[in-house]
Every structure is written in C-alpha cells, then in structure tokens.
2 protein chains.
Amino acid sequence: MSAAPVIAPTTGLDALLDDARAEAPHIEVLRPSAETAAFAFDAGTAPRRVSDGDGPAVAFPATPAEVQQLVRLAARHGVSIVPRGAGTGLSGGATASADQLVVSTARLDRIVEVAPADEVAVVEPGVLNAALNERLAPLGLFYAPDPASWRISTIGGNIATNAGGLRCAKYGVTRESVLALDVVLADGSLVSVGHRSIKGVTGLDLVSLFVGSEGVLGIVVGATVRIRPLPVARRTLSAFFASTAAGADAIGAITASRVRPSVIEFLDQPTLEGIDAAQGSGLRDRGAALLLIELDGFGIDEQTAELSAALTAAGAHVRVESDADAEALWELRRSGRRFDDDQWFAGGDVAVPKSRIAEIFAGFPAIADRHGVSVSAVAHAGDGNLHPVISLRIPPGADPALPPSAVHDAADDVVRAALAVGGTVSGEHGIGTVKRDLAAVELDVRVREAQLALKNALDPSGLFNPGKAL
Amino acid sequence: MSAAPVIAPTTGLDALLDDARAEAPHIEVLRPSAETAAFAFDAGTAPRRVSDGDGPAVAFPATPAEVQQLVRLAARHGVSIVPRGAGTGLSGGATASADQLVVSTARLDRIVEVAPADEVAVVEPGVLNAALNERLAPLGLFYAPDPASWRISTIGGNIATNAGGLRCAKYGVTRESVLALDVVLADGSLVSVGHRSIKGVTGLDLVSLFVGSEGVLGIVVGATVRIRPLPVARRTLSAFFASTAAGADAIGAITASRVRPSVIEFLDQPTLEGIDAAQGSGLRDRGAALLLIELDGFGIDEQTAELSAALTAAGAHVRVESDADAEALWELRRSGRRFDDDQWFAGGDVAVPKSRIAEIFAGFPAIADRHGVSVSAVAHAGDGNLHPVISLRIPPGADPALPPSAVHDAADDVVRAALAVGGTVSGEHGIGTVKRDLAAVELDVRVREAQLALKNALDPSGLFNPGKAL
C-alpha cells in the first residue's frame, strides 16, 4: 500500500501528488502552476485581480471511488481539499490556494436517471443546471432552482451554496428540491443520506445539513432531486411605476393578493437608467421603476385579472407582454446594466423580511449621498432578496484596482440597513470567504460555536474547505 | 447562588426538584407520581398498557427563561430532559421514565405575532396547529403542515417530528414551513437561528437540523413559520375503482398529468370495507378502492377537467363532490375504520418512491396469507407515504395485551417490502423509541455514526431525550 519512493517532497501537497500518480494514475490531476491560477478565484473575484502566481493542484475524478481515493490521499498528507463545481460562486467558497487540492466535479457529469413517475432525477454533482433542464424539457418537466448562473453552474455547486434564484418564492430554494445525497466524508467513506421517497424522517437530517454547507463537511458525489411538471401556462406582466418608492410599496399589494407569481423582479430607477444607458432599451420612458412578473400554472387569466387589479390600484401601469416582448424584457433583466472598466463597483446579496423591502430602497439615496457613490438594486421581491450595486466612475489617472473606501463603506451600510430590519447578510450567495466578517456581525457567537461544533463532528481534522463559510 | 439546604436527596431528580422549588418556585412542577404516569406514554402507546406506576417529573415553564433555568438545573444534577408538546406522537419520541424531567411546552402557548406582509407567524412551541390556523383563517391565510393530529398537536411537536400530513406533496412537510427558531441548548444558552426573510444562507443550516430532531438537540422555545394565502378555491373529487390494484395504478396517471392536487388519499378495499363496517357508510357500493382528491388554487375547472380525464382513462368512476358530500367523505377518511378492543392491531408509516406504491399494495395479500392476519393501508399517495394496518380478531379467552407475533411479523414484512423498493421505515412519524431497530436496518452504520457525532457535538453530556431517534 505504500507509495513508490519519491524524491524528497517539500510539502504535503507534493507528496500527495506523487502518491496520487503512483497509486491512482487514472485520475487526471494538474499540479500547481500558472495554468491552475483560475482556481484561486471564482466569479465574484474581478478577473483583473488574477495574478501570475501558481494556482492550487486540481484533480478531476470521474467516479465516486476516485473521490474517495483523493480524500484518503489528502487526509494522509494533511492537505486540505476544496470541492469545486463550475466556479460560478460569488462569495469565494470554492477558491483555493497553492498548497491546497481542488477536487473538481467537472468529470462527474452524468445524468444517471430521470424518473418522472417518482418525480425525481438522479445526477452526479458536475451536471449543469441547464443540462438537467434541457434533458427534462422534452418530457414536460423541469428542475425548479434557477440561480442566475443556471446556464453554467452545476447542480453540485447549487447544492453546496443552497442556491436561490428567481422562482424561489414559489418553488423554494435548492434545499427544497434535494431529497437524497451521496457524500464522501472526511475519512473517505461514501454514505447515502436521505430518501428517494418524497417524505422521510429517520433521525437527524443530514441532507439538509449538507445542502448549503459550502463544501466544509464533505464532497457530494450524487444527488436525487425533485422534478416537476412544466406549468400549463406562463405569462409575463410588466408593471411600471412613477417612482422607485411607488414600485417598492406595490410589492405589499402582491403579497396581500391571493396570487403567488413564479417570479417577481423589482428594478429601481437607477437600474432602469443603467440598462437604458447600456442597451438603449427605452425602459425609462415607460416608468421610473418596474415590477417584472411571471405568472404560471392553471387559471392564468384569473391570476392575471386579480394581480393586474391589485397592481393598478397600487398605481402601476400594467401590461401583459407578448411572448416576444416578454423574452426581451427578461433578457434585459438578466443582462442588465453593464459595469465597464470605467467604474468601480461593489455588489451585495442581502435579504430582508418582505415588508421591509421598500424601506431598504428608501434608504439608498442617503447612503449614496453620504459616500458620494451610486446605490441601486434589483430585488427578487417574492422572497425579500436584494442585490444592491454600489458604483462610482473612475476619475482619470486613478488605479482601477484600487477603489476608494467609499465604495465598500456604502456596501457595508446597505448590509447594516438590512440587518437593522431583521434581514441577513446573504440571501443566496453564501458566506464563503467574502462574507465571514459580515456573518460574524449577524450571528450570535453561540450560533457560530454550534456551527463549528457540527463541522468538527464530521470533519475533525479540518480537511474540507478550511476558512470558508464558518 | 447555592441551593437552600435540603434533606439528603436520594436521586439526581430529587435534588433537581428540591433546587427547582428553592430557586425557581414560580415554575410549575409535578413530582413523579401516578398523576404523571400519562407522560410515560404517547398516542402510539395503547392506553390499556398504561401502568399504575409513577411517571416522570413534569415541568411547565411559561417563558424561554424558565426553560433555560430548567435546563441548567437538569445539567447540574445529571438528570435528562424529555421535551414534550401535546404527546400526540406515535413513535415514543416524547415518552419519559420516572427518573427523567419532562419539559412540557403546554404553557408556552402564545401566538406572538402574525405578519401577513412578511408571510410569517411567530409562535411559541405549545401553540396548537389548529389554534394557529383558527387565528389565520379570518385573515385569509393558513399554515400548511397538516398532520392528522393537527387539531390537538402543537407546532413545537410538529417541528420536533418534522410532521407531515395530507397536503405535503403540494406544500411540503413542516421543515419547508419553518424559517427561524429560538432554541435552548444543553448549556442553557438561548440561541436564535435562521431568518425572518424567506431566503437566507449563513453557514450550516441549524434550523433544518433542529426540525425533525425529536428533541435530542435542544428545546425549541419559539418559531417563525411561513403562512400562505388560503387558496381561492378548493374542490373534492372522488375516483372509485373496481379493484385496489386499479386504484393504485391510477396514482401514476395523476403524476403523469400536470395537475398537482393539494391532497391525494388512497384507500384500499379492506379499508373501505372496514369503514363501511364501522360506520355504515356504503363506500364499498361505489367501488373497491378510492382515490380521494382535493384540488385547490386558480383554474379549478381546468384542473378538474384535466385530472378527471386522466383518472377516467385509468378506469375510475370520477365525481366532483358537493361541499356537503365532500365534508362527509373527508370525515370518513379521518375517522376511518375503528379498531375496537376485539382486535389486535399494528400500524405503520413507511414511505416509498411514488412509482412503487402499487407494488406495495400488491404485496399485501401474500403478507396477510403468510401470517394469517389482515393487511391494508391508507396512503398519502402524493408523496408515497403509506400507513399500513395489520389486524387480527382476538379469539375468545386470549389476552388482549398479548398479540401473537404474527401481527408484528406482518408489520415487519411490510417495512421490509418498502425498504426493498427504496423506501424508508418512517415517512412522517419519526423514529422515537419504536423504530430504532428498523432505522438500524435502513441506515448505514456510517450514517448513524454521523448522526451521533452531530448529537454529541451539540449535547455532549446527553442531556436531551437520551435513547430516542438515534
């Protein structure tokens, strides 16, 4: 069982890589190099900040057994593992340093089974969200969680971050669509948790604990997820308002109705102006703020009537969009404003109780004035999740890589405003490395201790993704 | 801070009770006595088995702070705590012995807040499920989880067991309706976990871990739960079939449609005959098996048309029931067969992948023949959860308290059949004490070790509900 003799390894990672080559030559592994530098970053890391330095080692196991082998090798050599899907995260949860081993799920990309009669699909973690939905659509089915990255992110990454998306208020976040998981634990064992049946209660719920755990407890190598029939109808309504405040207030009118849209996106005035500036779309001519709504399911006419009446009473100019116009509007929502190299910017991902959304938007002008920046947001209004954007034009001669503190101070003020109304520092992006300080502000120390105790119970040597999430 | 001098306590519980009287005289506490014998049992324990012996000590704290006091007292004296709601559980999760302290949530029964604009209610754990729904109904709102015990069970108990119910396939189990919890941990600290916002990801998900944990991790003293608008319409369809097999097969026809009923209850031939025998209801005249379906929401006519067509094609005689007839049918479903003192019986709570429900029913006659008993079931067909019933008439002179092994052997065979098709030993009742052996059959030893490691991480001295669930 011992490794072939190697020339004195200088680090645990070197020794691990030598053993891997000797014992598991079938596993594709990249050594730390400039080639792997991208694995030091994720989609939340500005590309301009990618250095010329070496990235981590990266392994591409093709089977659960290969993942087990890698975990045992890492444990043997005291090298920590960073599980990684497509790297589309925004909070640094899947970023790695040069002394770490990234375990990529890129080659664990099989859709194992689609079982409409059980309303489940069984997938490996590297399956793209879009690939699963492409497979399901011809069957009249869909997988509900729809993070903005759905075309390029993996089901495994979605599970690791408990990814949200646009349709969560109606269909739930990723956790509500995961029934069972196969997971490789820190000792290299492979366990199956959860149930293929839709109900099941057998002791502590390990499935829910692994969902959203950002790779700190183990590596998901298989998932049984819920799938649903495509709705019999979908319809897009636009509701334009004379002001950001009027639009934000109207969210309450939707809540007070009996209609639960599949999507409710709120775009404020600076956002509409930013989209117009970037794309010449003319949205601002139709109003100062927009609630872009998707209805789905049975009784679409009844739903449209009740919701249109509620929104009109709230001051909206409501229109049922044609399919073509609807597609154009959703594309504008997705592609949105462009933040070019001539601007510094900072993003965000707070969530607040639904009734407080309007209050958060009302506070933006004061924050913007205080720090001399622009503050705006798009909100998933159905579930209280806001993505604020702080931006500032870069003056001539300034270093684009060095935004003034005002940009991040303004972003922090938005987070503080959310916490002040009972909100949270992360609605759907997770904590990763980027939000650990903010999480420490939100969470009671005893809660953080409890989270760490759970982490230590399953991964006592700290093998998985140290320094993330907790 | 030290206790008043007491006469030599003979047990930890005696000492605890003396300290409680001295330090927390405001907390109502019953000493172990015949009066507390009921707390040794739950709704799954046949009343005839209640002994004359002493029950546990029982405390009725009225505030979270009083719960903290009790937990600290118990920790000081090494006395274990059994948290208990209304005691309507069926798996022994809330039963206690004479050396334990039951912490009842009966006096923690305040509905703290109903916030329609946030789509949440904030309750103490002792609030009855029915009481919350009575408060919500005039506002046009409801709390979705609906275990059969909903009129008499508590939200806290529902949370402890992750209670299911009839509407789970559409609205989810209890876990999907719980956003945040206040919990007293083993060191007496009170922590708040989760978010009032509908989305939120801040490290390991303690809320989901506490839901369904059967009181082994702490005591829930407050909960923020999701509430929803009452559907604009509800309608009951009956679909009678010529045989149990035909009815069970038709479940697949519902799945294949685009309609997702709020309730799909399947009653097999012996169940219909049992109801008729007990209540003279004449169901059997209408068919041999029944799918009793509730539709809700918008487009109720469209839903009715699509589902009726699918069921008729599957061989059903379908009828839209009048409100009065519907209420009578649901009452028959709820009150069901009567199992009088002249029968031995055993119940069950398996869940299987939806496509395998028909297979489980098809296996009942062979199990019945093998053991010389009757086997039937009612199924929550929308989520694969079956409640089998094994019964046997007690011959003259036999001891009603001593059923022959055939009864339990047949029940075990049903569980084995469920496991053989990828099912689970508990769909919604939980493990408690009753199903620990069965859970050991279903769960890999490594999974059970992981569950125990999590338990030990949060409750290292085993204060909470030892011997349950894990």
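**Helix packing and local features of a predicted two-chain model**

In chain B, helix H1 (residues 12-23) packs against helix H2 (residues 64-77) at an angle of about 140 degrees, and their axes lie 9 Å apart. Helices (H or I, at least four residues) and strands (E, at least two) are DSSP runs, numbered from the N terminus. Axes are lines fitted to C-alpha atoms, for helices over the stretch in contact, and angles run from 0 to 180 degrees between N-to-C directions. The model is predicted: local features need pLDDT of at least 70, side-chain atom pairs count only at pLDDT 80 or more, and totals for chains, interfaces and linings use all residues. Residues are numbered from 1 along each chain as its sequence is written, chains are lettered from A and ligands numbered from 1 in the order in which they are written, and side-chain values use heavy atoms, leaving out hydrogens and water.

H1(B) and H2(B) are therefore oblique to each other. Angles under 35 degrees count as roughly parallel, over 145 as roughly antiparallel, 65 to 115 as roughly perpendicular and the rest as oblique. The crossing of H1(B) and H2(B) is right-handed. A crossing is right-handed if the near helix is turned clockwise from the far one by less than a right angle, and left-handed if anticlockwise. From H1(B), Gly12(B), Ala15(B), Leu16(B), Asp19(B), Ala20(B) and Glu23(B) meet Gln69(B), Leu73(B), Ala74(B), Arg76(B) and His77(B) of H2(B). These residues divide into five nonpolar, three polar and three charged. Contact means heavy atoms within 4.5 Å. Ala, Val, Leu, Ile, Met, Phe, Trp, Tyr, Cys and Pro count as nonpolar, Asp, Glu, Lys and Arg as charged, and the others, Gly among them, as polar.

Helix H15 (residues 445-458) of chain A and helix H14 (residues 445-458) of chain B cross at roughly 145 degrees, and their axes come within 8 Å. This crossing of H15(A) and H14(B) is right-handed. H15(A) contributes Ala450(A), Ala453(A), Leu454(A), Ala457(A) and Leu458(A) to the contact, and H14(B) contributes Ala450(B), Ala453(B), Leu454(B), Ala457(B) and Leu458(B). The residues of this contact divide into ten nonpolar, no polar and no charged.

Single residues come next. Val71(A) lies in helix H2 (residues 64-77) of chain A. Val71(A) is buried, with a relative accessible area of 0%. Buried means under 20% relative accessible area, exposed over 50%, and partly exposed in between (1.4 Å probe, protein chains only). Leaving out residues up to four places away in sequence, Val71(A) touches several residues, including Ile81(A), Val184(A), Leu463(A) and Phe464(A). In chain B, Ser308(B) sits in helix H9 (residues 300-313). Ser308(B) counts as buried at 16% relative accessibility. Neighbours within four places in sequence aside, Ser308(B) contacts Leu237(B) and Val318(B).

Leu128(B) occupies the loop between strand E6 (120-123) and helix H3 (129-136) of chain B. Leu128(B) is partly exposed, at a relative accessible area of 32%.

Two loop residues of chain A have positive phi. Asn162(A) is not a glycine, yet its phi is about 50 degrees. Asn162(A) lies between helix H4 (155-161) and helix H5 (168-171) of chain A, and is buried at 4% relative accessible area. Glu214(A) has a phi near 55 degrees. The loop holding Glu214(A) runs between helix H6 (206-210) and strand E10 (219-226) of chain A. Glu214(A) counts as buried at 6% relative accessibility.
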